[in-house]
Amino acid sequence: MPSVRSRLLSRTTTLLVLMFAVAAVAVYVPMRASLLNAFDAELQLEARALASQVEQMGGEIVLEFELGELPEYAREERPHYFQIWSSNGHTEAKSHSLANRDLEKPAPLADVVAYQSIALPDGNAARQVSLEFQPRLEDAGPNVQEPLHDPLIITVIRDTVELDATLATLAWSLLIVMGLTVTLSILLLDRLIQQGLKPLNILAAGISQVGIADLAERLQMADAPAELAPVVERLNELLARLDATLTREKSFTADVAHELRTPLAGLRAALDVCATRPRSPEAYQLVIGKCLRVIESMQAMVGNLLMLARADAQQLTVTSESVPMDNLLRACWSPYASTAQGRQLDLQWDVDVDAVVQLDREKASLVFKNLFENAVDYAAEGGWIRVTARFADGNPRIIVANNGCQLKDKDIGQLFSRFWRGDTARTDAVLHSGLGLSLCQKIIEVLGGTVVVSLDRDVFAVKVVLPRTSLATPVAL
């Protein structure tokens, strides 16, 4: 692919050539016309001078000069030519240079001077002028009246060798000047383009020095041209995003390792204790049940991680169907009803029983199950949970709130971070991996909605706003 320098140079050179060519033509054309007009004017004067020496004597046409007295019409090298005709086509006179040849009589001119470019027998270019004139009457006395002779036609021809040479010299001069000017302009432009592109080379060198280990570094170009300033700014923004992404991925990897290590350590401890000595079937069943609960939690965490990864890669498939809102929310609440009852939680249900939404039931169920599970687990003992679902401006809005929240206002910004939990001791690490709200946010975004959290004293609320309708057909996102 051509470099920026070569592109700028080639396009600028093309533009320069076109501009100088137009300028050269603008100079050459009027100068050629001026020289040609001057030549034609001189040729016309020559023809009129000859015509003024033609007179009518009686019924005859006579010349006041001898043809031998006009050397330019008799010489062998580059002679001039002339011929005079009467109105009936009879030749009245012609130059010695024509010898036995005759010029072609022009058509009636009607008092018009006619010019024409022709080629001479020797191959030289020439210009021809033809005009009508009335021969001068010789004074025959006061009592003699001679009738006027019909108008005569004279044609004078002269080669344009000197004119063509002058025009050729002018054309070559313009071409040479244009060539030298274009060449010097190209050399100067090449130098200027090199200087102009120097900041790009500095920027490229700065980018080449940025590595994975120092993504926190930023490109510094205090004297960057105004055109490069947005590029430098965008590159720094890109480096910031890459740095944040790598930092997040490192933290994510560390958190995954930690989250898996905790349940694996619990499994190993339970199995080690169980293997120290023979135990009763009831004891074995107790250990097996505990291990199954840990494995189920690990499976749920891995499943959430897989779904998050697929959502990040935009590989989730969304389908749309009509779903009664009350039916959907009650089905999602059902697995946690007994736990809520055991904790003596008061459920406040305010859902429009006639509301029907268009969405992906499976993915929406995953979101609301996560919200209900968090509400049941983190609500105060003997407290309450409130579920509200209504249409606002045509959009379904579902709010899940509970009291007894121990979070602080500064924690709100961390709630959607993966593996983040409010209890730093992580006493419930097996039950909650810190992926629930992150997964909810990602799925709601895929569905085209939004999710926000709020904290009012000890009341924690999650508001989900769904689009008016979902996709009509399955679409891979």
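Start by selecting Ile 176, which lies in helix H2, residues 161-208. The model on screen is predicted.

**Zoom out**

Show the whole chain. It has 8 helices and 17 strands. Of its 477 residues, 35% are buried. The chain exposes about 28,300 Å², and carbon and sulfur atoms supply 58% of that area. Now consider the contacts with a separation of 6 or more: residues 24 or more positions apart account for 67% of them.

**Into the largest core**

In soluble globular proteins, nonpolar side chains tend to be buried together. Select Leu 329, Phe 368, Leu 371 and Phe 372. These have the most contacts inside the largest nonpolar core, which has 43 residues.

Which elements each supply at least two residues of this core? Colour these helices: H5 (325-333), H7 (361-378) and H8 (436-447). Then colour these strands: E12 (356-359), E13 (384-392), E14 (395-402), E15 (450-456) and E16 (459-465).

Stay on Leu 329 and show its surroundings. Leaving aside residues up to four places away in sequence, Leu 329 touches Trp 349, Val 351, Phe 368, Phe 372, Val 387, Ala 389 and Ile 398.

Another core, of 18 residues, lies apart from the largest one. To find it, select Ala 51, Leu 70, Phe 82 and Phe 133, which are among its residues.

**Aromatic pairs**

How many aromatic pairs does a search of the whole structure find? There are 2.

Select Tyr 73 and Phe 82. Their rings form an edge-to-face pair, 5.1 Å centre to centre, with 90 degrees between the planes. Are these two residues buried or exposed? Tyr 73 counts as buried because its relative accessibility is 3%. Phe 82 is buried too, at 0%.

Next, select Trp 333 and Phe 372. Their ring centres are 5.5 Å apart and their planes stand at 90 degrees, so this pair is edge-to-face. Trp 333 belongs to helix H5 and Phe 372 to helix H7, so the pair ties together parts that are 39 residues apart in sequence. Both Trp 333 and Phe 372 are buried.

**Salt bridges**

Switch to charged side chains. The count comes to 14 salt bridges.

Select Lys 94 and Asp 102. Their side chains meet in a salt bridge, 3.0 Å from N to O. Lys 94 is partly exposed, at 21% relative accessibility. Asp 102 is exposed, at 51%.

Move to Glu 233 and Arg 234. This salt bridge is also given as 3.0 Å, N to O. Glu 233 is partly exposed at 43% relative accessibility, and Arg 234 is partly exposed at 42%.

Now pick Glu 381 and Arg 343, whose side chains meet at 3.2 Å, N to O. Which parts does this pair tie together? Glu 381 sits in the loop between H7 and E13, while Arg 343 sits in the loop between helix H6 (337-342) and strand E11 (346-351), so the pair ties together parts that are 38 residues apart in sequence.

For the last stop, select Arg 78, Asp 159 and Glu 162. A network of salt bridges links these residues.

Note on methods:
Residues numbered from 1 in each chain as written. Predicted model: local features only at pLDDT ≥ 70, side-chain atom pairs only at ≥ 80, totals over all residues. Heavy atoms only, no water. Core = buried A, V, L, I, M, F, W, Y, C linked by side-chain atoms within 4.5 Å. Buried < 20%, exposed > 50% of the residue type's maximum accessible area, 1.4 Å probe, protein only. Helix = DSSP H or I, 4+ residues; strand = E, 2+ residues; numbered from the N terminus. Contact = heavy atoms within 4.5 Å. Phe/Tyr/Trp six-rings, centres within 6.5 Å; stacked < 30°, edge-to-face > 60°. Areas by Shrake-Rupley, 256 points an atom, 1.4 Å probe, with all protein chains shown as cover. Salt bridge = Lys/Arg side-chain N within 4 Å of Asp/Glu carboxyl O.
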